[in-house]
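Hello,

Here is the structure I promised to pass on to you.

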Amino acid sequence: MDLNNYLFKILSKDSIIKSVTFVALIFGFQQVQAQNSCAAAQPITAGNTTIAAIDGANILTACSDDDKAEWFVYTPSNNYTVTVTSDLPSNLCKDTHFVVYTGACGNLTCYTSDDDLGVLTCNNGTNTNSYLSTKTFDVTAGTSYYIMWDNRWGGTAGFVFSLTEAPFVPSPCATATPITAGTYTAPTLTGNNATTNCSTASLAKWYSYTPSQDYNVTVSSDLAANLCKDTNFSVYTGSCSGVLNCVASDDNSGVLQCNSGNTNSNLSKKTFPVTGGVTYYIAWDNKWSAQGFVFNLTEEVIVVPVAYTTQNVATINSQYNICVVDMNGDGKDDIAGVSQGNLRVHHQGNAGALTFQDYAISGNSKLPSWSLAAGDFNKDGFNDLLLGDGSGLSFWKSNAAGTAYINMTPGQYIFCQRTNFVDLNNDGHLDAFSCHDIDPNVYYMNDGAGNFTYYQSGTTPGAYMLGITPSGGNYASLWTDYDNDGDADLFISKCSGPPCELHRNDGNGVFTDISALAQVNMTPVDSWSSAIADFDNDGDMDILIGSNGGVGSKLLRNNLDTTNSAEEPFTNITMGSGWESNNTTNRDYIAYDFDNDGFVDIMSGGNRIMFNQGDGTFLPTMYNGIGVGSIGDLNNDGFLDILNGSTIRYAVPNGNKWMKVILKGIQSNSNGIGARVELYGAWGKQIRDVRSGEGFEYMSTLNTHFGIGQADVIEKVVIKWPSGAVDTIMNPAPNQSLTVVEGSTLSVDQPANSVSFSVYPNPADQEITVALGASMPEVKSAEVYDLNGRLVLQPVLTNNTMAVRTLSAGTYILVLKAVNGTQYTQKFIKK
């Protein structure tokens, strides 16, 4: 339509008022909708801008994948240092996120962004968080910058933001001295520094390095010429006129000790990966000293610790393909896929061949939209499933033959996050736990017959105290024995304001919140899950608090000292570990030895695995399209594979040796969940805890994996069961799957309990008699298991005597169940 001609025609008679109204509506509509797409971005200059609502269309990029956005374009007339911020009093308690792009709407380049760097705290009740955004960056005259505010956190309400211009001050990296691999002398530090999240020092000397290919690079002042000096450096990528991204830094990782007045080493050393053709800016600053020194830069060709091949399996097509676990009791990991009304299990056969079977599930189930856990809660030898949904949870329970499953949906409202199976009261039966996003945490106690009773911490009378924050914010629960006392403690990752929590299991249903004592309660925190393992192989569990927002990941070392009763705090060792410069975020963080070198690695986001170097540092190795998924050995070659949707990433064996331990609980729960497995050799000791539910969403293998590098000899494997029983296997051969039945390594005259019983005759033919210990309670029932963990007999105990004549010749495990719920174990031989 020709708008001018149309307006001319309507300007007659009584239509003038209507025409004016029509024109106003046309131009008013254009003004309101102008910022609803990149192509119609609203031009702005310095000043305040009001956003009525976030209801426009977003463009999916590496910086933003949300569906709604508002767009503005800013073209400076001069070079400026610009600040864009929503950190204004009028926006208190709001939650904002923005991205700045250069380029054209059809080919945008992320220039900078911010989520939560605002400082104005909310004043609404107990919420004192600041989720407002602010960012300062340099701009070039005549260049258009697209400023996009999106609905990352679900909010579409409007707010005010401002753009301010300050005189442009060239970044000190613009005059950086180019270097290549070699040794250099840094003069007294007199140049300007740039304030970043890696450095706030005032002075620095800048160098630029552009590798010709991908390398692992080491920058070091840990040289004899520098004894007793104190250095600190940061490494950046990005633009000197735009945004510098800190990719590495180090303060005191050198090892050469001072030989005058003290024996400290305050020198710096850092290894990090670089990409060919990318420029890296190395800034040595005066954090501790401006004194000159010598440093070197060395290059090492990158060797991929473990490679992967990719296979798409079309029949892995359930709605939720997030579970890798042994479903038929043969010790091999299978794939369990969940859809409404159907469980599809891909069973692993010989050489990793997968064949699937469908099991119809009646009734309407809660689906695992947030998480899934697995474990044999009815002790029939087949794993059951726990499905965590945003409105509750469901159990899928196997029958005794593993040929069918039924749905059990209790009905309580729970905004489930991470779910777990764990034996909370150590009665040998798996209970179910769920993080609650908006209320205190909940759990279901198993009565031993497969029936569950619901409890909510801090609400249900008699409930265990397992996270009672009224507003919830509980994202991922991880059950681990952090204090080596033989029971499972609880670590909770938090994201909605309150700090992470560590609850110590003191026994008898008492859990003590020791977050402050352990110093794991740092704020702010943006974590949806954490990775817990013995990263330094010193015999206790360390913690990586994973980042899923504007606050970086934190690596915490466990300083456990079991020779005293004091609660030693964890130490934040993030700086210099490789995690201080890992800017990726993810909701899932998981810890496994992916390359079987004997050190536990970490996978999270950013298409990478952070490989543990064994010296307190982690190096990233990039993989195309890799991401966290369910982990297990899906071709039984001893290396851990990754299930991402319908795609399996099979690890290619790299020559490192391994050991896989498969547990069969008798007195403890069937899976040995909560057991501590220890592997001894020339390396010292490695430890693993058996857990149901790692990270945030996925369920991974319940088999315990160890890598031992090139070692040829394993001295022993020790299993410390939740029941208190200890099994020891001496000198097992590497590269095998070792199945251990609880109590199977005890001698026939060695009880598993300190207050126990004996059996006679032993060996036996027709019957055996049990002689109860003086303080042992009354026995109500007995069970006999073979050394494969199978229940083979439930004899009647009459006058402390039971018939065993129907058993085949061999060694068996007798379990006596007392009236108080305690179980006692002993081995005997049937002739």
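**What I found**

Of the 831 residues in the protein, 55% are buried (under 20% relative accessible area, with exposed meaning over 50% and partly exposed in between, using a 1.4 Å probe and protein chains only). Please keep in mind that this is a predicted model, in which local features need pLDDT of at least 70 and side-chain atom pairs count only at pLDDT 80 or more, while totals for chains, interfaces and linings use all residues. Residues are numbered from 1 along each chain as its sequence is written, and side-chain values use heavy atoms, with hydrogens and water left out.

**Overall layout**

The protein has 3 helices and 62 strands (DSSP runs numbered from the N terminus: H or I of at least four residues for helices, E of at least two for strands). Its radius of gyration, taken over C-alpha atoms, is 31 Å, close to the 28 Å from the globule rule for 831 residues, so the protein is as compact as a globular protein of that length (the rule is 2.2 Å times the number of residues to the power 0.38).

There are four stretches to look for: domain 1 (38–167), domain 2 (172–301), domain 3 (307–684) and domain 4 (757–830), with bounds from an automatic or database domain assignment. Between the C-alpha centres of domain 1 and domain 4 lie 71 Å.

**The cores**

The largest nonpolar core holds 71 residues, and Leu343, Leu385 and Phe395 touch the most other members. Such a core is a set of buried Ala, Val, Leu, Ile, Met, Phe, Trp, Tyr and Cys residues joined through side-chain atoms within 4.5 Å. Strand β49 (residues 657–664) contributes the most to this core, with 4 residues. A second, separate core has 20 residues, among them Ile54, Tyr74, Tyr80 and Ile147.

Beyond its neighbours within four places in sequence, Leu343 is in contact with residues including Met327, Tyr359, Leu385 and Trp396 (contact means heavy atoms within 4.5 Å).

**Strand β6**

Strand β6 (residues 98–104) has 5 of its 7 residues buried, so it is largely enclosed by the rest of the structure. β6 pairs with strand β7 (residues 107–114) in the antiparallel sense over 7 bridges (pairing requires at least two DSSP bridges between strands). A hairpin of 2 residues links β6 to β7, and Phe98 stands opposite Asp114 in β7. β6 also runs antiparallel to strand β9 (residues 145–150), joined by 4 bridges, where Val99 has Met148 as its bridge partner.

Best wishes
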